[in-house]
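Colleague: Before I build anything on these coordinates, could you take me through how confidence, burial and charge pairing are to be read here?

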Amino acid sequence: MSTAILTSAFATYKAQCEAASKPIIMDEFVFALIPNQHPDTPIDPEEALPADSYIKGRFKVTQKGMINPDAVVYSIILGTEIGTWDFNWVGLVNSEHNIVGAISHTPIQTKAAENPNFNIAGDTLTRNIITPYTNASALTQITVTADVWQLDFNNRLTAIDERIRLENCDNYGQTAFIQQAWQATARNNAITLSPGTAYIAGFQCINKQPMLVDFSGVTLPKKLYLEACFKGTVSSKWQIHTEIVIADTHPSTRIENGVTYYSSEIATITTLSTITDLRILDWRTDHLKESSDPHPQYKKRATKKSAGIIKIASDEETNAGDNDETCITPTQLKRILDTMSNNTSNAMDQLLDAMRKVEGKLGRVRIYMKNDIDDDYLPITGQIINKSDYPDYFALLNITANTLKLPNWSKNGYIRQFSDALTAGTILEQEILQHTHTATIGNNGGHTPTAYPIDLGNKTGYFSVNKRFWTSSDNAHSHTYTTAIGGPISGTDPWSSSPSDSYGDKQTSQQPAHKHYVDIAFNNTPVPINLGTYNVSMHAISPHSHTAHIDNTGGNENRPKTTIAVYAVKVKYITPNVRYNINSEVIDE
């Protein structure tokens, strides 16, 4: 049965109501009978109301309820006074605009009305349609919680029944008759089916007692089929129904009035005394038969690639150890282990020696291009090692002291051992050890340098003078001086004994013989000087020599272009020096 769907017309109507802030109203149920409609065919959302000729009745919604904020349910109850008619189409409608909002397809059903004249009690029909969409309760203004009777549990119950059927199919297969269940046998010129249980398409079919099959009027040969279905009514208990079908052929699956029927062959009845059993037995039936071998694969001889029967080896075969198609018992294994236990020490010595040979001898040297050397090696850089850390290496070298200084290979060789100052993988450029040289210039004998003129040219000198100079004493004399021009001089004439207010050239009085002085002072005053040209000559030089000094060059050592690597010596074994007994207990270390 298909579930109810919301139509495209409802989506449009809902949008219009939301835009106009009006409630969504679905207030009518419509029942119709549509010819050739299959209940499992998907419903087209564009489907509209059927033609009036198909409609059996239109009824107001009895009750509305809210399931949750996003789902509301509409319910109708049709009493015994309504009917009688068949229907297979139910719609939820807005009667004002005749818009169908939700549609459900069902198998053909009958709504029967009460008819006392024919002793027909009639029935009461209840239908519920749930409309789920966002904010359904708010948009429909339906806030009253739905009652339990308004919820349709049919789909959920149907799903539970189907799940049980499919789980039985997983356990028993499509068909499984357990032991003699439903087996056809001839008795007193009749056919009897034995009691027992069978599973047909997951339905448990129980025959509680021997069942007689009536072949009166049947032309043989025919086949017997066991057919099963699961059905019931709205108010009755649903259960498995079985039926025996006599036919030449019969479909394994058929649908009638919405009910699915499954069948399986029981037997071919050639005559009432000639019967061919066609039942498919449950695998457990064959498995538990004493006459059958449920695991024939174990009869095969076991090999390395396949399971089967395997032979237990004899003591001689065990000791020979040349047969890989037999096995040994725990007793034989213990005897072997006990024997091995007596020789465990020698065997372990041999094994350890072999493992250490694979490792390599102590004292061997490896070259690493990185500092991450193996744990059983040490770099050869002149370090001191302890006997307690490397006893095997000290024994190899017959050293009784408790310490040993390894040679330092970081100072020799074109392939350089790494050290704190040299990282493995580093390239050192060519270099010369730092050194000095003494150079001597040859003796040229005595010689006299040739004279040559030197023009000193014009030079500028700078002079500073601060000195008083005196004139020689002169006979008695007077001096002429000039007074200020443009105005009278007032006051006393320094050269006269009387005041004067005249101006112009004046004559001092005659004074006795006397001398005068002049103060001359100047500081760093430039004075041009022409030095002229002179001939320069040198004395003769006697024979002599010179010593030249050359600066140091190079580094701290002599070497070609060098790659830094790690020289490492193997100083211990990775293989432990332990002994075990047969129980894997350490007995010597």
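Colleague: Over residues 485-493, where pLDDT stays under 50, how many contacts beyond four places in sequence does the model have?

Modeller: Where pLDDT is low, the predicted coordinates should not be read in detail. This is a predicted model, and for residues 485-493, where pLDDT stays under 50, it has 17 contacts beyond four places in sequence. Residues 495-501 also stay under 50, with 12 such contacts in the model.

Colleague: Which elements have the lowest and the highest mean pLDDT?

Modeller: Strand S38 (residues 586-588) has the lowest mean pLDDT, 50, whereas strand S2 (residues 28-32) has the highest, 97. Across the protein the average is 80, and 78% of the residues score at least 70. The elements comprise eight helices and 38 strands.

Colleague: Turning to charge, how many salt bridges does a search of the whole structure find, and which side chains pair within helix H3?

Modeller: Side chains of opposite charge can pair when their charged atoms come close. The search of the whole structure finds 13 salt bridges, and one of them joins Glu-162 and Arg-165 at 2.8 Å, N to O. Both residues lie in helix H3, three residues apart, which is about one turn of the helix.

Colleague: Is Arg-165 buried or exposed?

Modeller: Arg-165 counts as buried because its relative accessibility is 10%, which is under the 20% cut-off, while Glu-162, at 34%, is partly exposed.

Colleague: What else in helix H3 deserves a look?

Modeller: Asn-168, in helix H3 (residues 154-172), is also buried, with a relative accessible area of 17%. Its side chain reaches the backbone oxygen of Gly-202 at 2.9 Å, and, leaving aside residues up to four places away in sequence, Asn-168 touches Gly-173, Tyr-199 and Gly-202.

Colleague: Which residues are linked in a network of salt bridges?

Modeller: Glu-227, Arg-254 and Glu-256 are linked in such a network, in which the side chains of Glu-256 and Arg-254 meet at 2.6 Å, N to O. Glu-256 is partly exposed at 38% relative accessibility, and Arg-254 is partly exposed at 22%. Elsewhere, Asp-374 and Arg-366 form a salt bridge at 2.9 Å, N to O.

Colleague: And which residues make the nonpolar surface patch of about 270 Å²?

Modeller: That patch is made by Ile-328, Leu-333, Ile-336 and Leu-337. Leu-333, placed in helix H6 (residues 330-342), is partly exposed, with a relative accessible area of 39%.

Conventions
Residues numbered from 1 in each chain as written. Heavy atoms only, no water. pLDDT = per-residue confidence, 0-100. Helix = DSSP H or I, 4+ residues; strand = E, 2+ residues; numbered from the N terminus. Contact = heavy atoms within 4.5 Å. Patch = residues over 30% accessible without salt bridge, like charges linked within 9 Å, V, L, I, M, F, W, Y side chains within 5 Å. Areas by Shrake-Rupley, 256 points an atom, 1.4 Å probe, with all protein chains shown as cover. Salt bridge = Lys/Arg side-chain N within 4 Å of Asp/Glu carboxyl O. Buried < 20%, exposed > 50% of the residue type's maximum accessible area, 1.4 Å probe, protein only. Polar contact = N/O pair within 3.5 Å; in protein donor to acceptor, adjacent residues only side chain to side chain.
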